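I take the ligand first, then the pockets, and end with the cavity.

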Amino acid sequence: MGEQVIVLTELTKQYGNFTAVDHIRLNIRQGEIFGLLGPNGAGKSSTLRILLGLDRPSSGTALIGGKKYCDIERPLLTVGASFDGVGAPSDRTVFQHLKIAAASNGIDFSRISEVLSITDIEHKRYSKIGNLFLGEGQRLGIATALLGNPQYLIFDEPTNGLDPSGIRWFRNFIREQASNGKTVLLSSHILSEVEAVTDKVVFIDKGSIIASGTLHNILNGFDNLEDVFFHLTGGDYDE
Ligand code: ADP
């Protein structure tokens, strides 16, 4: 068992009177592929946004490698993250986008060809971001996350927009990363996709953890994670 490298302690996020994340505790060990699961609106993105320093918690802490994200120097060398979309101007090219990201963290531009090759979008190098298909945008997000060859990879809904072959590619990619000792945290509302790739999962519903453990323990006789969720909440799994 690796050491605990991503640790959330009583993490809570309130928007006004509404509690989106409610005292979440999470310990992720090095080399794990960890799935953060739950229906839309469960609080997954809010949790990841805090972990990545994009938002502040109302209370509690979120640490990566023992540090808050904002205290990590040249963060792309430690943490790679991809959220829905690339978040760059649509008239910028793929190559320009990667150059800017690399330069901001002192990463050699030779790495750009490597990440384009890993994510299989070399042929899009000079395409404008606005002209990419959704799945290509996801791959560019992943390519950007990989620029600094980081130890931790955090993906929010990474399979959104990927076609079936893209989803298969993503699974193999994640497994390869973990076998190289990387720690992967991903969120998804599509349970079947996560089931195929994660070691451990946490179920979040209405901001709270309702189950956590190894995939094997969580399934515990159920056919799939959707049935587990139904059993836990007594309601339909509302994607
Ligand atoms: P998930 O990623 O699981 O779909 P989110 O973390 O995006 O869930 O959202 C959790 C809840 O918090 C939702 O009810 C959402 O509407 C609410 N929420 C998220 N961001 C904000 C915000 N900036 N202001 C108010 N409510 C928000």
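How far from a nitrogen atom of the ligand does a polar side-chain atom of tyrosine 15 lie? I looked this up first, keeping in mind that the model is predicted, and found a distance of 3.4 Å between that side-chain atom of tyrosine 15 and the nitrogen atom of the ligand.

Entry on the shell around the ligand. Two elements, β2 (18-29) and α1 (44-51), each give two or more residues to this shell, and α1 provides the largest share, with 3 residues. I listed the residues around the ligand, among them Tyr15, Phe18, Ala20, Pro39, Asn40 and Lys44. By class, I recorded 5 nonpolar residues, 5 polar ones and 1 charged one in the shell.

Entry on the largest pocket. Here I found about 390 Å³ of space and a lining of 17 residues, with Leu76, Ala81, Ser82, Phe83 and Thr144 lying nearest the centre. At least two lining residues come from each of β5 (79-82), α2 (94-104) and α4 (134-146), and the lining divides into 11 nonpolar, 5 polar and 1 charged residues.

Entry on the second largest pocket. Its volume is about 190 Å³, and I noted that its lining includes Ile50, Leu51, Asp55, Lys68 and Cys70. Both α1 and β4 (59-64) give two or more residues to this lining, but β4 gives the most, with 3 residues. I counted the classes here as 6 nonpolar, 3 polar and 2 charged.

Entry on the cavity. How many cavities of 30 Å³ or more does the count give? The count comes to 1 cavity, and the volume of the largest cavity is about 60 Å³. Among the residues that line the largest cavity I noted Pro158, Phe170, Arg171, Ser187, Glu193 and Val197. The elements α5 (164-179), β7 (183-188) and α6 (191-195) each give two or more residues to this lining, which by class has 6 nonpolar, 3 polar and 2 charged residues.

How values were computed
Residues numbered from 1 in each chain as written. Predicted model: local features only at pLDDT ≥ 70, side-chain atom pairs only at ≥ 80, totals over all residues. Heavy atoms only, no water. 1 Å grid on protein atoms, 1.4 Å probe; cavity = no way out; pocket = protein on both sides within 12 Å on 5 of 7 lines; lining within 4 Å. Points joined across faces, edges and corners; volume = space filled by probe spheres on them. Helix = DSSP H or I, 4+ residues; strand = E, 2+ residues; numbered from the N terminus. Nonpolar A, V, L, I, M, F, W, Y, C, P; charged D, E, K, R; others polar. Near = heavy atom within 4 Å. Polar contact = N/O pair within 3.5 Å; in protein donor to acceptor, adjacent residues only side chain to side chain.
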